[in-house]
Amino acid sequence: MLDFLTTLINGLSLGGVYAMIALGYTMVYGIAKMLNFAHGDIIMVGGFALLIVCNATGITSVSLIVAVVVCMAVGILTEILAYRPLRGASPLAVLITAIGVSYLLRSIAQLAFGTEAKYLEINMGTIAIGSFRLSVGTLVTLLSASLVMVLLTLFINKTRTGKAMLAVSEDKDAAQLMGINSNRIIMITFAIGSALAALAGFFIILKNPFSVNNTMGAMPGIMAFTAAVIGGIGSIPGAMLGGLALGIIETFSNSVPALNPYTVAIEFALLIVILIVKPTGLIGKKKREKV
Amino acid sequence: MNGFIRYFSAVKARFKLKNYLTYFIFLAFILIFAPLGLTGSLKMSTEFMLEQIGYSIVAAISLSLVVGFLGELSLGHAGFMSIGAMVGALLQNKLYPSLSASSPFLALVIAMIVGGLAAAVFGFIIGLPALRLKGDYLAIVTLAFCQIVQTIFEQLPFFGGTLGIANAARYSSHKLFIVIFVVALISLVAINNFIKSKHGRAVMAIRDNEIAARAMGVNVSFNKIFVFVFSSFIAGIAGVLMAASKNTVAANAFTYNYSIDILVMVVLGGMGNINGSIVAATLITVLNISLNNVFTGSMAAIKNIVYALVLILIVIYTNAPGLKSFREKHGFGVYWSKFTAKIVKLFSKKELKQDPAKEKEFGADWSKVPTKVEMDAILSTDLTPDKSYVSDKPAPDGKTDGSGKGDK
C-alpha cells in the first residue's frame, strides 16, 4: 500500500513535469498552428544554464531565474529568426525548420559541452513519516506544477493578453482586424512555453542529477508531445490531463519488473488506442468540416 | 507481326523524352559506375557512399508517396525500414551460406521480397488508423509506431537485442551498389507508374480534397490503405538494402531521428515531386558524408551545426512567403526546368513545345498598360457611331448584303 502511494506520488510529479512541457507544445500549436519540435531542446538550454550558474554561484533560486530568462530569450529568438519568416508557409516547411532548430541547439551544446552527461545535484532532502519516505523534490515538483497550471489557466482566462491569445488561436486574421498584434502574441506564447520548459528542466535535474547533456530534452520532449496529443493538442486542460496520465502510467509500468523494458512501447500503444477511439484526443475539440 | 510493328510505332509516337529523362539519367549513372565498380577502381568509401545514396533514394521516394501524394505526414518511416531490415537480415543470414554458391544475390532478392512483405503487413496495420486520423494526429501515431518497433526489437533476443544482427552475408561490395541502384530504378518506375495510374490520380484527388474525391466515387479507404501498404513495402526493401550494406544492423539505427532525416529529403525535394526527392536524397547523403570526412572527432558537432543551418536556410529560402517574387526569378525550379529543357533539346530534333498546361499565366502585362498620353487619345475618341459603317447583316427592308454598299 505504501509502495502504491509512493509510486502514485512519483507518477503525479513526473506527470506534472510532462504536463509543463506539454503546455508549451499545446500553446504554440494552438496559437501558431505549428509543431515546435525544438521545444524539447529548450529544456536542454535551461539545463545547461542551470548547470553553469549553479556551479558559479551555488544559489539554486538565482540559477533557476537565470535559466528561465535564458530559455525565454532563446525561445523568442528562434521564433523571430526561424519561424516568423515562414508565417503563412506550409505547416510541413515550418516543421522541418523546427527540426533544424532542434539539431542546431543540440549541436551547439555538443560543441560547447561535449556529449557526456554532467553531474548537477540539487538536494532538497527527504521527509519520513514512519516508514513512508518521500523526497522533498518530488513534492516541490508536484506542488509547483499544480501552481503553474492554476496560474496559467487564470492568466489565459482573466488577463487581456490571455484573452488575446484565445482570440488569435480561434482566428488569427479576425483577431488582427480587432487590433491584436498577432506576432506579439505568438512571441509571448513562445516566451511562456520556454519558461515552462526551463522549469521542467529544473525538475528533471531534481529527479536525476546525471541528466544534463545535449540530448536531455529529446525523450521528455517526445513524451510531452505524446501527452499533448493524448489530451487533445491545442487544449490546455488536455495537456495537463495527458501529462498526468502519462506520468502515472510510466511510473507504474517502470515499477513492475516484467513491464519495465516495454514502458515506452506501452505508453505509445496507449496513445494509439486512445487516438483510434477518440481521434482528437481526450479533450480535443472536434472540428466540423464545411463543404 | 504487323500488330507488333503498329504497337511499336504507337509507342514511338507517344514517346516523350522529357517523361523518361530521370530513368535515362539513372541508367547512365549505373552504366558509368558499374564498370568502375566491377574493375575495382572505385575506393571503398566511394562505394559505400553510392550504396548509401541508393537506399536513401529508395527510402525517400517511398516516403514521398505518403507525404507528397497522399498528403499525410508520416514520422515513423524508419519503423517500416527497421522491420524490413531486421527480417531481411535474419533471412539473409539463414539463406546466404546455401545459396551463395549458385547465385550470389539470390539471398538478397528473397530477403527483399520477404522483408518488404513483412513491412507491408505493418503498413496495413498503420493504414487502418489513418482512415480515422488526420494531420498531426496521424503523424504522432506513426512516430509512436516507430518507437514501439524499436523498443520491441531491442527486447527480443531473436533479433540480437540492442546489439543487433551481424551481417553474415558478405556481398562483394563491388557489385552491391549496382544491385541497390537497379532496385532503386525498379522501385522508381513502379512508383511513377502507380502515380500515373487510375489509383495514383485517385490518391492525388484525396490529397487535394477528400470530400470532393469521395463525392466523385473514389474509394478513399482502399486508396489510403493501399498507399500505406505500397509505401511500406518499398521502405522495407530500402531497409533490407541498408542492412545488406552494413556490418551489423541494430534497431537503434532506426530511431525517429532517422525518419526525420528521410522526411527532410522529401520536403526539400519538393512535395509531390519524385525527381526532387531523388536529387535531395543524393545531395543530402553526399553533404552528410563529406561533412563527416571534413569534421572528425571533437569537430563532429560543427558538422551538425552546418547541416542544421543549411537545412533552416534552404527551407526559409524555398518556402518563405516574403521571398516569393525573388524565387520566381532565381528559384531552384526555374534553373531545373531550364536545364531539363536544354537536355531534351539536345536529344530531340523537333522544336521543343511548351506544355500549355504548365505555361505561367501572366496576369497583367504592365508594358501594355496605356500611358497618360495614350489614355487621353483613347478618351478623346469620338464614340458616336461611324456613319460610314455598313452592317454585314441584311437590311430589314430585305436587301441582300453587299448590295447596299454604294447606297450611302
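Q: Is R84(A) buried, partly exposed or exposed?
A: Buried means under 20% relative accessible area, exposed over 50%, and partly exposed in between (1.4 Å probe, protein chains only). The relative accessibility of R84(A) is 26%. R84(A) therefore counts as partly exposed.

Q: What kind of model is this, and how are its parts numbered?
A: Residues are numbered from 1 along each chain as its sequence is written, while chains are lettered from A and ligands numbered from 1 in the order in which they are written. Side-chain values use heavy atoms, with hydrogens and water left out, and local features need pLDDT of at least 70, side-chain atom pairs count only at pLDDT 80 or more, and totals for chains, interfaces and linings use all residues, for this is a predicted model.

Q: Which residue forms a salt bridge with R84(A)?
A: Side chains of opposite charge can pair when their charged atoms come close. The rule here asks for a side-chain nitrogen of Lys or Arg within 4 Å of a carboxyl oxygen of Asp or Glu. For R84(A), the closest N and O atoms are 3.2 Å apart. The partner is E79(A).

Q: Which residue meets E79(A) in a salt bridge at 2.7 Å, N to O?
A: E79(A) is buried, at a relative accessible area of 0%. Its side chain meets another in a salt bridge of 2.7 Å. That side chain belongs to R87(A).

Q: Which residues are linked with R214(B) in a network of salt bridges?
A: R214(B) and E210(B) both lie in helix α9 (residues 210-215) of chain B, four residues apart, about one turn of the helix. Helices (H or I, at least four residues) and strands (E, at least two) are DSSP runs, numbered from the N terminus. The salt bridge between R214(B) and E210(B) spans 3.1 Å, N to O. The network links R214(B) with E72(B), E210(B) and K224(B).

Q: Is E210(B) buried or exposed?
A: R214(B) has 48% relative accessibility, so it counts as partly exposed. E210(B) has 18%. E210(B) therefore counts as buried.

Q: How many salt bridges cross the interface of chain A and chain B?
A: Over all chains, the count comes to seven salt bridges. Five residue pairs between chain A and chain B are in polar contact (both at pLDDT 80 or more). A polar contact is a pair of N or O atoms within 3.5 Å; within protein, one must be able to donate a hydrogen and the other to accept it, and residues adjacent in sequence count only if both atoms are side-chain atoms. Salt bridges across this interface number zero.

Q: What area is buried between chain A and chain B?
A: Contact means heavy atoms within 4.5 Å, and 48 residues of chain A are in contact with 42 residues of chain B. Buried area is the accessible area (1.4 Å probe) that two parts lose on being put together, summed over both. Carbon and sulfur atoms give 79% of it. The total is about 3900 Å².

Q: Which element gives the largest share of the side of chain A that touches chain B?
A: Elements giving two or more residues to this side are α3 (60-83), α4 (91-113), α9 (218-231) and α11 (263-277) of chain A. The largest share is 15 residues. It comes from α4(A).

Q: Which residues of chain B does T97(A) touch?
A: T97(A) is found in helix α4 of chain A. At 0% relative accessibility, T97(A) counts as buried. Not counting residues up to four places away in sequence, T97(A) touches A82(A), Y83(A) and L86(A) in chain A. In chain B, T97(A) touches I312(B) and V315(B).
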